[in-house]
Amino acid sequence: MRVTVRLFARLRDIAGTSELARELAPGATIGDVWRQLAGEFPELSQYERSISSAVNADYARMDQVVGDGDEIAFLPPVSGG
Amino acid sequence: MRPLLHIGTDALALDSVATSLGDGAGADGAVVTFLGLVRNHNLGRRVRYLDYEAYEPLALKAFERIAAEIAERWPGARIALHHRVGRLQIGEASIAIAARSPHRGDAYAACRYAIERVKQIAPIWKREFFDGGDVWIEGATANPDDERARREAERLACA
């Protein structure tokens, strides 16, 4: 199955893109997607404990299973206001 | 008139955020407003400007959640919340909040609570450009279900 991954702020700078598409095995979790990305972009690993994640624009936990066509977002610590 | 909850590149104004709350049909006794401004200094650096970005659909849902938390904690209080994104110069407003309530205490508390919660859970980021470089500012790990953080916002609001 195929998902879209969106990256913001410094995560986007590290990966060099704001959006990627990835093929996943059925049953893959958000955490699996993150580990795959961190393998491709080792600098992301420093965010392992501080990122938040979302699926289809709702906050979600890293152990949530993703579905075909989902939009997954990884969010570094926020600084709005 | 702008919606209650809004994210955009256009300039913010207090009258605009306050009027978006309507007139309360005469039952309100207070409006409290807050404007967050781009400051020319941060951590000893001379700031030149800021770039803001948001994950807009999730940020609007975070604003909705904050408004719902306020309605539950301070019955009768309502907020309007406008956040700007894009490049902001020194002195420009990045966020405008208005809170209305039958009584002033709740309006003050709701307004303060709203800005504290935005800083905790809204997926919005600022990149600071200063003399000599630039840096993404990273504050809180966003977790709307973190009850300890929510209570800290409530504590500040009621201080």
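Burial first: I call a residue buried if 20 or more other C-beta atoms lie within 10 Å of its own, exposed if 12 or fewer, and partly exposed in between, with C-beta atoms placed from the backbone. By that count, 40% of the 159 residues of chain B are buried.

Ground rules: this is a predicted model, where local features need pLDDT of at least 70 and side-chain atom pairs count only at pLDDT 80 or more, while totals for chains, interfaces and linings use all residues. Residues are numbered from 1 along each chain as its sequence is written, and chains are lettered from A and ligands numbered from 1 in the order in which they are written.

**Chain B, overall**

I looked up the secondary structure of chain B and got four helices and nine strands (DSSP runs: helices are H or I with at least four residues, strands are E with at least two, numbered from the N terminus). From the N terminus on, the order reads β-α-β-β-β-α-β-β-β-α-β-β-α. The radius of gyration of chain B, taken over C-alpha atoms, is 16 Å, close to the 15 Å from the globule rule (2.2 Å times the number of residues to the power 0.38), so chain B is as compact as a globular protein of that length. Its C-alpha trace spans about 50 × 35 × 30 Å along the principal axes. I also checked contacts (C-beta atoms, placed from the backbone, within 7 Å): in chain B, 72% of those with a separation of 6 or more link residues 24 or more positions apart.

**Where A meets B**

I find 17 residues of chain A in contact with 26 of chain B. On the chain A side, α1 (9-15), β3 (52-55), β4 (58-60) and β5 (71-75) give two or more residues each.

**The sheet in chain A**

Chain A has an open sheet of five strands, ordered β2-β1-β5-β3-β4, with mixed pairing (two strands pair if DSSP finds at least two bridges between them). β2 (19-23) and β4 of chain A are the edge strands, each pairing on one side only. I then zoomed in on β3(A) and β5(A), which run antiparallel and are joined by four bridges. A:Ser53 has A:Phe74 in β5(A) as its bridge partner.

A:Ala9 sits in helix α1 of chain A and counts as buried, with 25 C-beta neighbours inside 10 Å. A:Ala57 lies in the loop between β3 and β4 of chain A and is partly exposed, with 17 other C-beta atoms within 10 Å.

Notes:
Contact = placed C-beta atoms within 7 Å.
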